[in-house]
Structures are given as structure tokens and as C-alpha cells.
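The sequence and the structure are shown first, and the description follows.

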Amino acid sequence: MTCTAELYRSSGPLGRYYCNMAKAYFKEHGVEYVEYNVGRDAARRQEMIDMTHQLGVPVIVSVAGDSVEGYAACVTALQGSGISAIELNLSCPNVAHGSGARCFAQSAEETRAVVGAAKKASRFPIFAKLSPE
């Protein structure tokens, strides 16, 4: 079973990020598999938890978005899960935005806005992954 997570843009899903190493291994070794979006399919998510017992340890989920609203949407979607905390990936170059194509962590105001929206939407602890720049 392969788990997918969606990265949200304000206009809708940006795309799916998969466990590329596992998929590459499966393909290389001829292992057939079916992908399920456990972020959206509660029954498949529970099946994955039951099979892997993965929530027997603290699970920290990293989320990203291209807007304050996108981050808040990701955080809101996780509220019914059994995770332990949420990392806001504010330094991800894949979600660079604006005319200067910068990440959120490069602006104190944008960082504050994303963290504030995430805290408002979440019952989980929130922490921010910042950029060295």
C-alpha cells in the first residue's frame, strides 16, 4: 500500500507527493501495488493504521502550501487524525511564491501569518521549519 499526501494551493491540489523511494523499489523489483490517498480516504487511512500500527509512535506531519490559506487547509484536513504534531515547511523551495519566487520563511510577516493561521486551525502542536536565508 502506498500513502499519498496532497499539497494544497489556494486554487486546489498542487499535486501528490509519494514515497518515491518505495515506489522506485517496487517498480525495480516488479512488485505490484495500488496507490490510495489516505489523506482523503478515511477507510483506507484506518486500514493502513491497522496494518502498520504506525501510530504506535509519535507521528509528525510536514505540510506545505503556496498561500496562508493553503497551509491552513492542510492543517485543517489533519484534525481528525491520530498524529502528534504538525511541521509547517516554510522553507520548501517547491512552494516558492510571489514575484521574487521566495519561500515563506524568508519573510517574517508571511511566517507569522502562516503560523497564526495554522495555530488557529489546529489542536496539535505546531512548529515551523525555517530557512537559513
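## Overview of the chain

Of the 133 residues of the chain, 35% count as buried, where buried means under 20% relative accessible area, exposed means over 50%, and partly exposed covers the range in between, with a 1.4 Å probe and protein chains only. The model is predicted, so local features need pLDDT of at least 70 and side-chain atom pairs count only at pLDDT 80 or more, while totals for chains, interfaces and linings use all residues. Residues are numbered from 1 along each chain as its sequence is written, and side-chain values use heavy atoms, with hydrogens and water left out.

The chain contains 4 helices and 6 strands; helices (H or I, at least four residues) and strands (E, at least two) are DSSP runs, numbered from the N terminus. Read from the N terminus on, the order of the elements is β-β-α-β-α-β-α-β-α-β. The accessible surface of the chain comes to about 8000 Å², and 55% of this surface belongs to carbon and sulfur atoms; such areas come from the Shrake-Rupley method with a 1.4 Å probe, and for residues only the protein chains shown count as cover. Among contacts in the chain with a separation of 6 or more, 62% are between residues 24 or more positions apart, a contact being heavy atoms within 4.5 Å.

## The largest nonpolar core

A nonpolar core is a set of buried Ala, Val, Leu, Ile, Met, Phe, Trp, Tyr and Cys residues joined through side-chain atoms within 4.5 Å. The largest one here has 16 residues, and V63, Y71, V75, I86, L88, L90 and V114 touch the most other members. At least two residues of this core come from each of α3 (68–77), β5 (85–89) and α4 (108–121). The largest share, 3 residues, is supplied by α3.

Leaving aside neighbours within four places in sequence, L90 is in contact with Y71, C103, F104, A105, T111, V114, V115, A128, K129 and L130. V114, found in helix α4, is buried, with a relative accessible area of 0%. Not counting residues up to four places away in sequence, V114 touches V68, Y71, L88, L90 and F104. The C-alpha atoms of V114 and S67 are separated by 8.0 Å, although these residues are 47 residues apart along the chain.

## Helix α4 and its two sides

Helix α4 has 14 residues and reaches 20 Å from its first C-alpha to its last, close to the 20 Å expected at 1.5 Å a residue; the expected span is 1.5 Å times one less than the number of residues. Its buried residues are E110, T111, V114, A117 and A118. Seen down the axis of α4, these buried residues fall within an arc of 140 degrees, so they line one face of the helix; the arc is that of the directions from the helix axis to the C-beta atoms. An α-helix has 3.6 residues a turn, so residues three or four places apart point the same way.

The cover over the buried residues of α4 includes α3, β5 and β6 (126–129). The face of α4 turned away from its buried side carries the exposed residues A108, E109, R112, K119 and K120. A73 has its place in helix α3 and is partly exposed, with a relative accessible area of 33%.

Rings of Phe, Tyr and Trp (its six-membered ring) pair if their centres lie within 6.5 Å; planes under 30 degrees apart count as stacked, over 60 as edge-to-face and the rest as tilted. By this rule the chain has 1 aromatic pair. The rings of Y71 and F104 have centres 5.2 Å apart and planes at 85 degrees, so the pair is edge-to-face. Y71 lies in helix α3 and F104 in the loop between β5 and α4, so the pair ties together parts that are 33 residues apart in sequence. Y71 counts as buried at 0% relative accessibility, and F104 counts as buried at 3%.

The loop between β5 and α4 also holds C103, which is buried at 6% relative accessibility. The C-alpha atoms of C103 and L130, 27 residues apart along the chain, are separated by 9.3 Å. R102 lies in the loop between β5 and α4 and counts as partly exposed at 29% relative accessibility.
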